[in-house]
Every structure is written in structure tokens, then in C-alpha cells.
Amino acid sequence: MFKKFSSEEVSAQNQVKASVQRKIRQSIAEEYPGLEPVLDDILPKKSPLIVAKCQNHLNLVLVNNVPLFFSIRDGPYMPTLRLLHQYPNIMKKLQVDRGAIKFVLAGANIMCPGLTSPGGALDEEVEAETPVAIMAEGKQHALAIGFTKMSAKDIKAINKGIGVDNLHYLNDGLWKMERLD
Amino acid sequence: MAEKPQPVRVLYCGTCSLPPEYCEFGPDFEKCKPWLIQNVPDLYPDLVKEANEKEAGKAANQLKNTSISSGSDDGAASSAPKQEAVKRLPGGKVKKKEKQEVVIEKVIRNKRKCITTVKGLELFGVKLSDASKKLGKKFATGASVVKGPTEKEQIDVQGDISYDIVEFITETWPDVPETSIFFIEDGRKVPAA
Ligand SMILES: [Zn+2]
């Protein structure tokens, strides 16, 4: 998604109306209940919320020029990795084995065997079509944000093909865009 | 009100911008190495070893150059210092695994920002999560328990608080004697007392 992403792909940046701002806050709070106590810090009510529309039906939510969330079409809002690193426990986590790290960091989608091997780990409660943090064997911080194509149970049972779409990963275009000025 | 989670301050590599643990998979690990050795020596112990070996190798070469009988090959000359280098951390600090002590280090990140790391409180029966909270509150800053993959948990406190921290530690946790607290300054371990 963000492999070659840059500010050139931002087609419009708009400060959203209060009602839209409320809706965005609400859906973020619902998706990530763990963020609720700090939502006022992350998305201060007084700071204008900017939504940047980009190519490929991508939206970025920014505060003070910092991208904090992204969404695709009408999909759920997902935190940027920089935000996730600050609040690592807001998302469900799946862990890939060490061997998968370089593929994930090259933008590849996450294959089931990388999650089911001894170095991988699955949160059994994860359903299909859920935003997840992709962790890695032996590493402390998330290396990607993914969107599950199948449930964790199916990933385990089927154990082949793509289990999770890799949406945003370390050092991709969104990672490099610390600010959008 | 629900308890507010403190944001974790993640230290990113000054060279490639990734969390340092991912530098080995980053665009140019070689370029990251000096920064890593300087800032997160515990994360890649092999790098430090490698650097020390290089140093030791240089020293050995110098020795060899000055000695009259330089008949031996390179391998023999550097094998002895190599053994010793394994046990040494940067600055010649010798690693003592079991010793009960608290080590405080200021780590500069970016240009002006820095964090203060506190290691070893758990050896005195202090709960790190609790300590992290107290430190954050006392110094009105972000503090978090951070766990490196190759090392024990430590507390990272945002900002340079190394000045006041000793007094705070000894007052808050009387079990920690001032004589067990050390600073890392310029790669050297200095007693706080
Ligand atoms: Zn690096």
C-alpha cells in the first residue's frame, strides 16, 4: 500500500467538520478501546483534524501535520506504526518467525507458515478482516500493520497462502512520512 | 477514570530511522553499526565484540610491528586479545553478571533529546512497572519499562534526569544503597556515591 507512497500522492487535505471529527474519534475509540483514555491526547479536541485523501482510496488522519491513522475505502482506521509503537497494546498481535522479517520489510504479504512455525505466534481470537499488529520473533516492536484475510484459527488450519495483507511496514513511504507539511 | 497508559518512547536508529532491533534487516546495516555501538551496545553484543576485536587486532598489529621477531601469522597474533575482548563492553567495562547494582545511563537521541536508562532496580526487589510510574510522575515525563530481546528489562525515562535520580532512588527504595548505584559516563562506569 505504502511502498512508494509520498506526499505527491496526497490529492487533497481538508480540515474536517466537527461532526465528521466526532465520527472519526468514535470509530477509533470503538476499534481500539485501549486508546480511549488517551484519545484526548492523541486527537486533542481543540486541534483541527485533517483528513488527507490520497490515491487508491486511501485516507490519512493527521493532527499537527503528523499522520496518526489511515483507512482504505470505508475500512477501519488503523494506527501508523509510529503511533502503535507508543501504544503497543491497542491492537491484537500476530507474530512472524525471524525468517519472515525481511520479506515483510520488503512489503510482502504475510504467509500462513510464517505465523504457524515455531517462531511465529497467533492470537487465537483474531477474526478475519481485522487490523492487527505484526510482531516478529525475538523483536520487541511491531514491524507492520496488517489486515487479516482469514481468522487465526483458519491460518492455523489451512496453513498456506496469504494469511494477512501487509498494509504498512517499517521504512515504507508512510513510515518515512513523519510529517506531511 | 480508566488508568491512562503512558506512551512508550521508542528510540529509533539515528541512521536508518528504524527501531534499532531492525537495523540488521534495514537498508544498510553497516552504516548503522557505529550508531548502534554508541547508543544500544547491549542490543547487538556481537557488534561490540566485533569492534573490540578490530581494536584488539589493531593493537596486536602494532605490537607485531614493533616486535623484532614478527614471524607469526596474523591469526596467532590476534587470538589472545580476542579471548579477552569477549568479556569486555565498550569503554573497557568488564561485565559482571551477578552483581547487584543499579546502572544509570544517559542516551542521546536525535540532536537534543535524550533519555535516561535505569537498569537493575529489579535486583533489589523493585517492581519495574511501579518504578517506571513513580519516575514518570516525579520527573513529570514519560517513563516506560523497555525490554530488549537480548537483555533484561530496563526503565527508559524521557529527558536527562541523571542529576536528581540518585537521591530519588535511595529515598523511594531504601533497599538500594547509594553505593550500588553507578553512572555510565563516556563509556565508563562511575559510582554515584
Ligand atoms: Zn539503523
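The rule finds 2 salt bridges across the interface of chain B and chain A, a salt bridge being a side-chain nitrogen of Lys or Arg within 4 Å of a carboxyl oxygen of Asp or Glu. The side chains of B:Glu24 and A:Lys139 form a salt bridge, at 2.4 Å from N to O.

This is a predicted model, in which local features need pLDDT of at least 70 and side-chain atom pairs count only at pLDDT 80 or more, whereas totals for chains, interfaces and linings use all residues. Residues are numbered from 1 along each chain as its sequence is written, chains are lettered from A and ligands numbered from 1 in the order in which they are written, and side-chain values use heavy atoms, without hydrogens and water.

The contact (heavy atoms within 4.5 Å) involves 22 residues from chain B and 23 residues from chain A. Between them the two chains bury about 1,900 Å², 60% of it on carbon and sulfur atoms; this is the accessible area (1.4 Å probe) lost on being put together, summed over both parts. In chain B, the residues that lose the most area to chain A are B:Glu21, B:Tyr22 and B:Phe25, together 31% of what that side buries.

Chain B also supplies the zinc donors, B:Cys13, B:Cys16, B:Cys23 and B:Cys32, each through SG. Donors are N, O and S atoms within 2.8 Å of the metal (3.2 Å for Na, K and Ca).

| Residue | Relative accessible area |
|---|---|
| A:Cys54 | 7% |
| B:Cys23 | 0% |

How values were computed. Buried means under 20% relative accessible area, exposed over 50%, partly exposed in between (1.4 Å probe, protein chains only).
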